[in-house]
Amino acid sequence: MNSIRIVNGALDEEGDEIVLRGRIDPECLVSLQADDYQRERLPLQTIQRIVEGFGKNEVPDIDLSMRGQRVREEKDGSFLLMDPVFIVDGLQRTTAAIAFATQGGVPRLGATIHFGKDKEWERERFKTLNVSRTRLSANILMRNLRSTHEVVRTLHNLSEDDKEFALHKKVNWNQSAQRSHLI
């Protein structure tokens, strides 16, 4: 069994639980395990944008579960996780990090590690983190472009502020549409 090294780690409280937050040593990524509640690993061409995100340090942290409590703090401040560690949320990010490393990059992948958990807890946490996520509406993405794109800013201002505009208050710039929205 290979230990997982967490660098720049710190213990933290998450509710009534103590967790470890830090960055996974890239050499340990292949030792992270995935159980059968996970989705399948996606092909490289599907996760290529995530791989590219590592080059820009734009990849969110992942959620891990250690099935045990054996942790050792090293003199350099890193933490060694000595019991099996499972990916609860972040399998595709981990796969992308491994691909980025294979291409010569050094992925910086952060994680929150939960101690003393079991497969049932992981399965429930996976469901909580994945089933109830609301996909971000394209309306929000477009609205957020108004600060950098004159065309979007003009359309937004017309539809929101100009009472003479045919689509005044008829364009949805939010997550959910109102009955009055036409587009």
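**Close-up views of a predicted model**

**View 1. Salt bridges around Arg21.** Glu14 and Arg21 form a salt bridge, with the closest N and O atoms 2.9 Å apart. The model shown is predicted. Arg21 also forms a salt bridge with Asp12, and here the closest N and O atoms are 2.7 Å apart. Side chains of opposite charge can pair when their charged atoms come close. Glu14 is partly exposed, at a relative accessible area of 25%. Asp12 is partly exposed too, at 32%. Arg21 counts as partly exposed, with 29% relative accessibility. A network of salt bridges links Asp12, Glu14, Arg21, Asp63 and Arg125. The whole structure holds 17 salt bridges.

**View 2. Strand β2 and its partners.** Strand β1 (residues 4-14) runs antiparallel to β2, joined by seven bridges. Glu13 has Ile18 in β2 as its bridge partner. Two residues lie between the strands of this hairpin, where Gly15 takes a positive phi near 70 degrees. Strand β7 (residues 109-115) is also antiparallel to β2, with six bridges. There, Gly22 has Ala111 in β7 as its bridge partner. Six of the eight residues of β2 are buried.

**View 3. The Lys119 and Asp35 pair.** Lys119 forms a salt bridge with Asp35, the closest N and O atoms being 3.4 Å apart. This pair links distant parts of the chain, 84 residues apart: Lys119 is in helix α3 (residues 119-131), and Asp35 is in the loop between β2 and α1. Lys119 is partly exposed at 27% relative accessibility, whereas Asp35 is buried at 18%.

**View 4. Gln38 in its loop.** Gln38 sits in the loop between β2 (17-24) and α1 (48-55). Gln38 counts as buried because its relative accessibility is 13%, under the 20% cut-off. Beyond its neighbours within four places in sequence, Gln38 contacts Ile87, Val88, Asp89, Leu91 and Phe126.

How values were computed: Residues are numbered from 1 along each chain as its sequence is written. This is a predicted model: local features need pLDDT of at least 70, side-chain atom pairs count only at pLDDT 80 or more; totals for chains, interfaces and linings use all residues. Side-chain values use heavy atoms; hydrogens and water are left out. Helices (H or I, at least four residues) and strands (E, at least two) are DSSP runs, numbered from the N terminus. Buried means under 20% relative accessible area, exposed over 50%, partly exposed in between (1.4 Å probe, protein chains only). Contact means heavy atoms within 4.5 Å. Two strands pair if DSSP finds at least two bridges between them. A salt bridge is a side-chain nitrogen of Lys or Arg within 4 Å of a carboxyl oxygen of Asp or Glu.
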